[in-house]
Structure formats: C-alpha cells, structure tokens
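These entries record what I looked up in the structure shown below. I took the accessibility of charged side chains and their pairing as my topics, and then the pocket.

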Amino acid sequence: GPTEVGLTPEGRSFVDLIEASLTAQAGPVLSPGEVVVVTGGARGVTAACSEALAAALRPTLLILGRSPEPQPEPDWLRDLTDEAAIKRAILGQAKGKPPTPRAIGETYRLYMTNREVLAAIDRLEDAGAKVLYRSVDIRDCAAVRRALEEARRLGPIRAVVHGAGVIADKRIEDKTPALFDEVFDTKVAGLRSLLAATSGDGLKAL
C-alpha cells in the first residue's frame, strides 16, 4: 500500500507510481575535468552518486564534509579490520593512564571515519576523478567561500551536488527546536551558503 499519505479538507490522498518514458538529453551537461562541489560526498548515498559521476565524466571533485580531513593510517592500524582487535590496539597505544571504554569507543569511531573517507576518495580517484576534500561546516558562509576559492585554482566551478544532511529521526513530539535547526539548517542554510559562494561561477547544474 501507499507509504506516504496526505489528509486534506478534500479527503485522503497519496502518491502513486506510473510508468513514463525517459527523455534522453543531447549530451552530458558537464565536460571532463570541470569542477563539481559535492557536500556530504565522502560517506553514504552521496558517495555512491559521486562515484557514478566520476566514472561518467572524470570531473574534479571538491568534497565538503563534516568529517576531519583524512590522514594516513598509522602502521599499527593498517592490517586490522576487527572492531575488538582495533580497540585492543588503541588501548595498547595509550600512554600513561589507561583510557576509559568511552574514550576508546570515540577514538575507534574517529579512526573508522577516517578509513571510510580515505576509501571513498580512493574509489573516486580510481573511477577517474581528481579529488580535493575539505572539512567544512556548510552553514558557515565564510568557510564555504574559502574552500571554493581553493577549488577554483583547479578550474571554474560548474556544478554543485548538495547531499549533506543530518539525520535526527524522532517522533514530532520528541523533537526539540535545536534538533530541528540542526537538520533544517544543514540543508537550507547550507544551500544558501553554496548559492552565495557560487553566484559568480556560471553553474551548469545544481
């Protein structure tokens, strides 16, 4: 049955799927090597979309994400994949007072996020893209402008893919104004930052 239902004064309504033919475009909107700004592109669904874009057009990708800029993994970590083994190794690397289980967990998550970002960049480069990753809060207009100025050294910015988002799913009555702001502003204020920073770039696609 329908998964999205709307109730209006006229009654109940829902979205239905219909078959439609795909209208082919004359050709790609972008040319190989052109700079594309991708927010949220190193993890999740946007990373998968970026891989398809890399394979099809071999662009230059400026990826803006919340995760810290990736660093090479330390030698002791490179061959470890099991969570328990990694946490034991983190404990073994500690100097002085042993870290708490919570601190070990936080360190583990940082290392795994770093690994995920490194792997995503490797996949994008293997697919044919040039990749520049910068850690930026896209709600910060000044930080976005600085990152885009750096990207323009590689060529004019021709497209923006705004995939960044914050997931904070709760029942409506359990949501706080702060939670709402974090989710809403990442999408809307983030997009406003991107549009302001690219207002003179002559974008071909958004």
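Entry 1. I began with a term: a residue counts as buried under 20% relative accessible area, as exposed over 50%, and as partly exposed in between. The model I consulted is predicted. Asp 137 has a relative accessible area of 35%, so I noted Asp 137 as partly exposed. Arg 139, at 36%, is partly exposed as well. Asp 137 and Arg 139 form a salt bridge, with 3.0 Å between the closest N and O atoms.

Entry 2. I looked up the count of salt bridges in the structure and found 12. Side chains of opposite charge can pair when their charged atoms come close.

Entry 3. I turned to Glu 150 and Arg 134, whose side chains meet in a salt bridge at 2.7 Å, N to O. Because Glu 150 lies in helix α4 and Arg 134 in strand β5, the pair ties together parts that are 16 residues apart in sequence. Glu 69 joins Arg 134 and Glu 150 in a network of salt bridges.

Entry 4. I examined Glu 106 and Arg 102, which form a salt bridge with the closest N and O atoms 3.5 Å apart. The two residues are 4 residues apart in helix α3, and therefore separated by about one helical turn. Arg 102 is exposed at 65%, whereas Glu 106 is partly exposed at 39%.

Entry 5. Lastly, I consulted the largest pocket, which holds about 450 Å³ of space. Of its 23 lining residues, those closest to the centre include Gly 40 and Arg 66. Helix α1 gives the most to this lining, with 3 residues.

Methods:
Residues numbered from 1 in each chain as written. Predicted model: local features only at pLDDT ≥ 70, side-chain atom pairs only at ≥ 80, totals over all residues. Heavy atoms only, no water. 1 Å grid on protein atoms, 1.4 Å probe; cavity = no way out; pocket = protein on both sides within 12 Å on 5 of 7 lines; lining within 4 Å. Points joined across faces, edges and corners; volume = space filled by probe spheres on them. Salt bridge = Lys/Arg side-chain N within 4 Å of Asp/Glu carboxyl O. Buried < 20%, exposed > 50% of the residue type's maximum accessible area, 1.4 Å probe, protein only.
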